[in-house]
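Work through the following exercises with the sequence and the coordinates open beside you. Each task is followed by a solution that goes step by step.

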Amino acid sequence: MPKSKEEILNELEKVKLENKLLRKKAGISETESITIQTLKDAQFLQDLLDQGEQKYRALFDLSPVGIMLEDKEGNILDVNNALCLSFGYHKEEFLKMRTHDLVVPENYDKVEENIKRILGGETLHHVEKDLRKDGSISYTELKETKITLDDGKECILVISNDITDRIKFEKSLRASEQRYRTLFESAEDAIFMMEGEKFIDCNPTTLKMFNCSRQQIINQPIYNFSPPAQADGSDSRKKILEKIKLAIEGKPQNFEWTLKRIDGALFDTEVKFNGIELSDKKYILAIVRDITSRKKAENELLKSDEKYRTLAESAHDVIFIVDKEYRYQYVNDYGAYAINLTKNKILGKKITDILSAEVAQNQIAAFQKVISSGKPYYTEVKLPISNID
């Protein structure tokens with residue numbers, strides 16, 4: 001697992017302290033250059049010191065996060081491989097640059113201000129918008145602190161973590177959330193989320209549909225907004241819990257349901273339940289459409305159809321319906337009696353199967369005139385088989 005910036009800083013400080021202790025033990029001042037001659041009476045200490053410096057360099061170069069050393073003027077003194085990869089520069093190019101060259105122009109003055117703050121003793125932790133060598137924008141999370149080198153020179157140590165992909169993902173996520181929220185808020189259908197059987201979020205249409213406030217519905221179980229029993233006599237609470245269980249198990253539910261507004265008024269709905277998983281928790285996403293008007297129209301149509309059938313069946317006239325292929329889709333009792341056939345032998349058959357060719361063609365011609373003109377057409381037909389006196 002990659003080390004954190006704090007761990008790297010701590011290790012760098014630890015290595016630096018080890019070097020100081022080794023120098024002190026060897027009798028070498030912090031500003032004195034280390035040579036074999038200086039340590040001619042303590043060769044083993046030289047070896048230890050070399051190991052310490054190698055450890056520092058290995059830690060610096062092999063760190064998975066970028067590390068940079070800069071002086072008081074912002075001149076870059078050293079960089080590691082990770083920083084080179086992040087910005088696209090070779091180390092030799094970096095050493096001819098200043099930190100100002102890495103930031104977007106609008107943040108140039110901010111760099112000067114940050115240098116003053118760090119040299120004043122502050123440790124800064126912030127996100128910077130930077131420029132790569134190819135001109136593309138990158139985002140880096142920086143931790144900057146003042147350090148003192150062995151020669152007493154004050155510099156700034158920068159730990160840099162490229163978070164460009166994370167920033168892009170977060171922006172994409174925010175845009176996605178905004179699109180979802182816009183759809184959620186403006187949908188004509190009621191959309192709500194449930195954790196188990198309780199509402200945890202809903203759109204404005206839900207509040208309008210149930211004629212209630214958000215406080216009256218959130219954290220309430222859905223069966224509180226249903227009558228005790230559904231139209232088929234089933235127990236509302238038991239049945240809705242079964243639907244929720246199936247949706248959580250990954251089996252989407254689509255069903256008609258009678259719901260109850262806050263004032264007790266009942267209305268018909270079409271409900272869709274889908275199980276979703278967010279942050280390792282399972283929820284129900286529900287979409288509800290009010291179909292009260294549609295159900296009313298369907299009931300009126302059924303009543304009308306019943307009236308029509310009652311009238312047609314009691315009439316002493318031949319009444320029938322044919323489709324575009326001239327197949328009988330309906331015939332009343334008197335029509336079946338008139339041609340001396342049962343309904344089963346008539347329905348689904350073509351006119352040409354039942355009537356003579358001449359009569360059938362006359363009927364078809366009459367039908368075509370009705371279809372083309374859209375107006376009623378009157379004609380007489382002589383049935384070849386009849387029980388009529």
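**Exercise 1. Determine which residues of α9 are buried, how they are arranged around the axis, and what they pack against.**

Step 1. With buried taken as under 20% relative accessible area, exposed as over 50% and partly exposed as in between (1.4 Å probe, protein chains only), the buried residues of α9 are Ser-236, Ile-240, Lys-243, Ile-244 and Ala-247. These residues cover an arc of only 100° around the axis, the arc being that of the directions from the helix axis to the C-beta atoms, and this puts them on the same side of α9.

Step 2. Counting a contact as heavy atoms within 4.5 Å, the buried residues of α9 pack against β6 (190-195), β8 (253-260), β9 (266-278) and β10 (281-290). Helices (H or I, at least four residues) and strands (E, at least two) are DSSP runs numbered from the N terminus.

Two remarks on provenance apply throughout. This is a predicted model, in which local features need pLDDT of at least 70 and side-chain atom pairs count only at pLDDT 80 or more, whereas totals for chains, interfaces and linings use all residues. Residues are numbered from 1 along each chain as its sequence is written, and side-chain values use heavy atoms, with hydrogens and water left out.

**Exercise 2. Check the length of α9 and describe what lies at its two ends.**

Step 1. The expected span of a helix is 1.5 Å times one less than its number of residues; for the 13 residues of α9 (residues 236-248) this gives 18 Å, and the end C-alpha atoms are 18 Å apart, which agrees.

Step 2. At the start of α9, a side-chain oxygen of Asp-235 comes to within 3.2 Å of the backbone nitrogen of Arg-237. After α9 comes Gly-250, which has a positive phi near 95°.

**Exercise 3. Describe the sheet on which α9 packs.**

Step 1. The sheet is open and has five strands in the order β7-β6-β10-β9-β8, with antiparallel pairing, where two strands pair if DSSP finds at least two bridges between them. Because β7 (198-202) and β8 stand at the edges, each with a single partner strand, one side of each is left without a neighbour in the sheet. The twist averages 35° from one strand to the next.

Step 2. β8 and β9 run antiparallel and are joined by eight bridges, and Lys-260 stands opposite Leu-266 in β9. α9 touches β6, β8, β9 and β10, and its direction makes about 145° with that of β8; for such angles, axes are lines fitted to C-alpha atoms, for helices over the stretch in contact, and the values run from 0 to 180 degrees between N-to-C directions.

**Exercise 4. Is Ser-226 buried or exposed, and which residues does it contact?**

Step 1. Ser-226 lies in the loop between α8 (214-217) and α9, and its relative accessible area of 4% makes it buried.

Step 2. Leaving aside neighbours within four places in sequence, Ser-226 is in contact with Ser-236, Trp-257, Thr-258, Leu-259 and Lys-260. With Trp-257 there is also a side-chain polar contact of 3.0 Å, a polar contact being a pair of N or O atoms within 3.5 Å, of which, within protein, one must be able to donate a hydrogen and the other to accept it, while residues adjacent in sequence count only if both atoms are side-chain atoms.
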